[in-house]
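Here is a quick tour of the model on your screen, with a few local features to look up as you read. Keep the viewer open and follow along.

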Amino acid sequence: MRFYRRAIVGCCLIVMLGASGLGISGSSKEQAISPAYLSPRWGRGLSGGRIEDSSPTLYDLDGDGKLEIITGTTKNGASPALAVLEDDGAIKWQVVLPDPVNSSPAVADISYPPDGIPEILVTTGGDVNQCRGSIIAFDRNGTQLWKYDTNDAQGTGTPCGNWSSPTIGDLDGDGDVEIVFGSWDRNIYMLNHQGQYQWHYHVADTVWSTAALADLDRDGDLEIIIGTDIAGGGVLPDGYRPTDGGFVLILDKNGQKLARRQMNEAIYSSPAVGDADGDRRLEIFVGTGMYWYLQGRYTQPYVYGFRVNTSGSEWVLEDLPGWPRPVAYPGMSSPALADLDSDGDLEIIIGTGYDGSSEPNQCPPTCYGALYAWHHDGSPVSGFPMWPKDYMGKNAFIRSSPTVADVDGDGQLEILFAMNWDVIVVGPNGQQENILHTTYSLFASPAVGDLDNDGRTDVVIGGSNYYDSSHGWVYAFTFGSGSYNPALRPWPMFHRDPRHTGYYPVPPRLSVSPPSLYVLHQYGSGSSETAYLRLRNAGDRAFSWAVSSSPTGVTVSPASGMAFYTSTVPLTVTITTTGYETGTYSLGNVVITGTSEGSPVLGSPFNLPVTLYVGQVYRAYLPVVLRSAR
């Protein structure tokens, strides 16, 4: 088992250390504007140790219309704890944990049947100096519901620690959620909602990545997409001989391997999944880690984009056109997906970096961290990459994973991430817009929401305090009146949502097949003909549909309903043929509309032309031979 000691331990003093950096050419994007400086609206000290890599999760736990803040602390300075804060920074509750937290808590109603009351899940033990940990579930009031210990892979007498955050989803579509996480004990686990073991997949090395969940083949079941690291020299149970590096894995709901891609570097980054190019197929994007880089193997770092070929018995992760993309540094950041330029396609955003920090205003040429953004085809977004500066003009390693939202209410998305003591806010053109300043090192991802429902954007992050560095601190920054835009928060927290699915949902889309009807009627044989349609939701969110109009003499049954994810609704079309002489008649269009949250869905309205032929109809019958599969 390998642990990334240099990055995890050394970066805590990043603002006080100097080191030689990687040279950046004159093409780097220096800031042409002076970013606005913003102080916290409030900061709150916790009883637990410093907050390092635990990104806050925002969720209305008690149903009062205001968001609570959920985060975990390390044991650095004090006992580790899980803390929940109110919107104004008041501590709702804290519980002492047996092991530190460097993961992000996940929140969802995991009860079965669902009762509408959320629970909190947290993995513990993400400390390279003490391999011990578990996953624990709490109710919304801080009462422990269950605890599951991982394996003792090192023979120390204690279960191994967990850096990977929990991911919650209904993998098999039965209404009962499952929990997936990776562990330093070299396994990927799935538990049921009661914390009971369902299966594990052994990866032969540590897992740092947080799993993404997505229905890659649109069959109604969710697949698990996750990164691992691997040391070469051995043979895996399936006979594969890996080399030093890592894997990107896809597992099915039963823990069976669907695809595996060998990588040159350990994969600490957590995959992001979405339909980036609008082709109705899901793509996977992921960064790497930097273990092998720090061991002196200075191969070109990349960020990867994959499509999944599902045609064979084992799926294949194929490089997308234009991918992978070379970057100046490796890193631990996980990508975010968002439509930065409002063109309907998704951009891919990620931070990179190398352990260290520049002196003020010395980047370029001496830089340590860069923010990248690409279009789905791998071409860079204008203004990127960019090398951000903190409040002292320093550039540093970006360990934080970006979040994306319109924070100032201007109708454009901003990118947020932590660097040194600050949350950096960057516009969609790569210009640094804001510096949200704290008084201690920040490594986690900021979360964006409207904590108190006042119409103003709040940005929340955890760290510590220069004057109280033995405890964790949570900071909230608030933008101006009317700045909150709930419709423009495509990636508002770590791994996108409180369940940490890492999935950018496909918008609901109305699909009807066949796209037209040509109906044959034998003259004189009866008064009507029947044809059939299939209405399908080609997106993720349910929508309502209705037949808004149809030609005279044409009826559709049913005439309205709901279209759920992956569901197909059979429609019967009846055409009255009375009064028609022989010939071909264009009857007009059946118009079907779909709406979600008061707005038309993609593909709506759908116009279905109906043509009726009346005359002599000839039919040919072909024999069919069936053979029993014995």
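Let's begin in the loop between β35 and β36, where Arg-496 is found. (Strands here are DSSP runs of E, at least two residues long, and helices are runs of H or I, at least four long, all numbered from the N terminus.) Before going on, some ground rules: this is a predicted model, so local features need pLDDT of at least 70 and side-chain atom pairs count only at pLDDT 80 or more, while totals for chains, interfaces and linings use all residues. Residues are numbered from 1 along each chain as its sequence is written, and side-chain values use heavy atoms, with hydrogens and water left out.

Arg-496 has a positive phi of about 80° although it isn't a glycine. His-495 sits in that loop too, between β35 (473-478) and β36 (510-513), and has a positive phi of about 55°. Most residues other than glycine have a negative phi, and most peptide bonds are trans. Are these two buried or exposed? His-495 is buried at 2% relative accessibility, and Arg-496 is buried at 18%. (Buried means under 20% relative accessible area, exposed over 50%, partly exposed in between, with a 1.4 Å probe and protein chains only.)

Which peptide bonds are cis? One runs from Cys-363 to Pro-364, with omega near -5°, and Pro-364 is in the loop between β26 (347-353) and β27 (366-367). Another runs from Ser-557 to Pro-558, with omega near -10°; Pro-558 has its place in the loop between β40 (554-557) and β41 (560-563).

Now for the strands, which pair if DSSP finds at least two bridges between them. β4-β5-β6-β7 is the order of an open, antiparallel sheet of 4 strands. β4 (57-59) and β7 (91-96) each have a single partner strand, so one side of each edge strand has no neighbour in the sheet. Inside this sheet, β5 (68-72) and β6 (81-85) are joined by 4 bridges, with Thr-71 partnered by Ala-83.

Further along, β30 (414-419) has 6 of its 6 residues buried, so the rest of the structure largely encloses it. Glu-414, Leu-416 and Ala-418 point one way, Ile-415, Phe-417 and Met-419 the other. On the β29 (403-405) side there are 3 antiparallel bridges, and Ala-405 stands opposite Glu-414. With β31 (422-426), β30 pairs antiparallel over 5 bridges, Leu-416 having Val-425 as its bridge partner. The β30-β31 hairpin has 2 residues between its strands, and Asn-420 takes a positive phi near 55° there.

Finally, salt bridges: a side-chain nitrogen of Lys or Arg within 4 Å of a carboxyl oxygen of Asp or Glu. The count by this rule is 14, including these:

| Pair | Closest N to O |
|---|---|
| Asp-149 and Lys-147 | 2.7 Å |
| Lys-253 and Asp-221 | 3.0 Å |

Arg-218 lies in the loop between β16 (212-214) and β17 (223-230) and Asp-540 in the loop between β38 (528-537) and β39 (543-549), so their pair ties together parts 322 residues apart in sequence. Asp-540 is buried at 18% relative accessibility. Asp-149 is partly exposed at 37%, as is Lys-147 at 39%. Lys-253 is partly exposed at 27%, whereas Asp-221 is buried at 16%. Asp-238, Lys-257, Arg-260 and Glu-314 are linked in a network of salt bridges.
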